[in-house]
Amino acid sequence: MIDNPIPWPGGARCAVAITFDMDADSFLHLHRPQDSYRRISTISTLQYGPKVGVPRILQSYRELGLKQTFFVPAWCIEQYPQAVEAMVADGHEIGHHGYIHEHMNEISTEEEAFWLRKSSDIIERYTGRRPRGFRAPLYNFSPTTTDLLIDEGFLYDASLMGSDIPYLLKGERGTLVELPTHWAMDDWPPYVHMSDIDYSMPIRSPQEAVSVYKAEFDAIWEHGGLLVAVWHPFVSGRLARWQEAVRFIEYMQNRGGVWFATMEEIALHVREVHKRGDVPLREDRMPPYPGPVTFS
Ligand SMILES: [Zn+2]
């Protein structure tokens, strides 16, 4: 049911990456620049991420023996350096997630290039290495993102949703590995209720949320795909949700034949498979359209 599935290391049936986007309160200031500082209850909800969620998640990862990937807006690294230092100390990967969660498809190419470079510099300053992977804030990948990432030496992107397995994005100046996800694996729809940013969903129980993730995992396991969870410390790091998430991770570990890896490890593996020519990888030309789509 998956065309040209990718052979995973050690004969694993599928690959899984639990990625966290540590947005903290970045997007609140972007969304309400005039008065975000007065929205103290929402700030506290979002600061739960770096202050409570991250230490809790890191402790579970140590117990579960997992090294994973955290995408962090560079502004959040400056605001909450201890949370990021703890991730790095435990050997997790830090990916690029914009400066203050800016939407790449709503700013000019010059601005996009500026924030991309500035944030990579900050990540390097705090972690000792430049990021190899990128996830556009709110998945807002722009027509110019592919080539800007290639220019900056990125290995992979994690913003798109076009397959069940990795594929390639072909820009003017080279290719990037795409490690796709889907909204079904994002924790905002089942959990986030935040009127200050005009996003309110009916809150689901952790069991309901995980049942959606589990259905995705079971199919990926059966057919040999890649599962990328997109969770947030202020959302899934809350007590009842994280407790259920840990049970879900244990379920996946106990199923057997699952390759848990960082996004960088998965992207490097995909590049290697591609180089050896083991399986043809789909190549999507970026951007899909050169300009406005007209019809009559
Ligand atoms: Zn985000």
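Val-16 touches Leu-227, Met-252, Val-258 and Phe-260, leaving aside residues up to four places away in sequence; two residues are taken to be in contact if their C-beta atoms, placed from the backbone, lie within 7 Å. Val-16 also belongs to the largest nonpolar core, which has 81 residues, and is listed with Leu-179, Leu-226 and Ile-266 as having the most contacts inside it. Such a core is a set of buried Ala, Val, Leu, Ile, Met, Phe, Trp, Tyr and Cys residues joined through C-beta atoms within 7 Å. A residue is buried if 20 or more other C-beta atoms lie within 10 Å of its own, exposed if 12 or fewer, and partly exposed in between, with C-beta atoms placed from the backbone.

The structure is predicted, and local features need pLDDT of at least 70, side-chain atom pairs count only at pLDDT 80 or more, and totals for chains, interfaces and linings use all residues. Residues are numbered from 1 along each chain as its sequence is written.

For the protein as a whole, the secondary structure amounts to eleven helices and twelve strands; these are DSSP runs, numbered from the N terminus, with helices (H or I) of at least four residues and strands (E) of at least two. The radius of gyration is 19 Å, in agreement with the value near 19 Å for a compact globule of 296 residues; it is taken over C-alpha atoms, and the globule rule is 2.2 Å times the number of residues to the power 0.38. Along the principal axes, the C-alpha atoms fill a box of roughly 55 × 50 × 45 Å. Buried residues account for 44% of the 296. Of the contacts between residues at least 6 apart in sequence, 74% join residues at least 24 apart.

H2 covers residues 40–64, 25 residues in total, and reaches 35 Å from its first C-alpha to its last, close to the expected 36 Å; the expected span is 1.5 Å times one less than the number of residues. A kink of about 45° lies at Gly-53, shortly before Pro-55, the bend being the angle between axes fitted to the seven residues ending at a residue and the seven starting there. Gly-53 is itself among the buried residues of H2, which also include Leu-46, Ile-57 and Tyr-61. The buried residues of this helix pack against strand S1 (14–21) and helices H1 (26–31), H4 (81–89), H9 (233–236) and H10 (239–255). After H2 comes Gly-65, with a positive phi near 70°.

Positive phi values also turn up in residues other than glycine. Ala-24, in the loop between S1 and H1, has phi near 45°. Ala-24 is buried, because 28 other C-beta atoms lie within 10 Å. Leu-138 has phi near 55° and sits in the loop between strand S4 (133–134) and helix H6 (145–151). Leu-138 has 18 C-beta neighbours inside 10 Å and therefore counts as partly exposed.

Two further sites complete the description. Ser-159, in the loop between strands S5 (156–157) and S6 (167–170), is buried, with 24 other C-beta atoms within 10 Å. Not counting residues up to four places away in sequence, Ser-159 touches Arg-135, Ala-136, Tyr-139 and Phe-141. Its C-alpha is separated by 11 Å from that of Met-104, 55 residues apart along the chain. Finally, the peptide bond from Met-286 to Pro-287 is cis, with omega near -5°, and Pro-287 lies in the segment after strand S12 (283–285).
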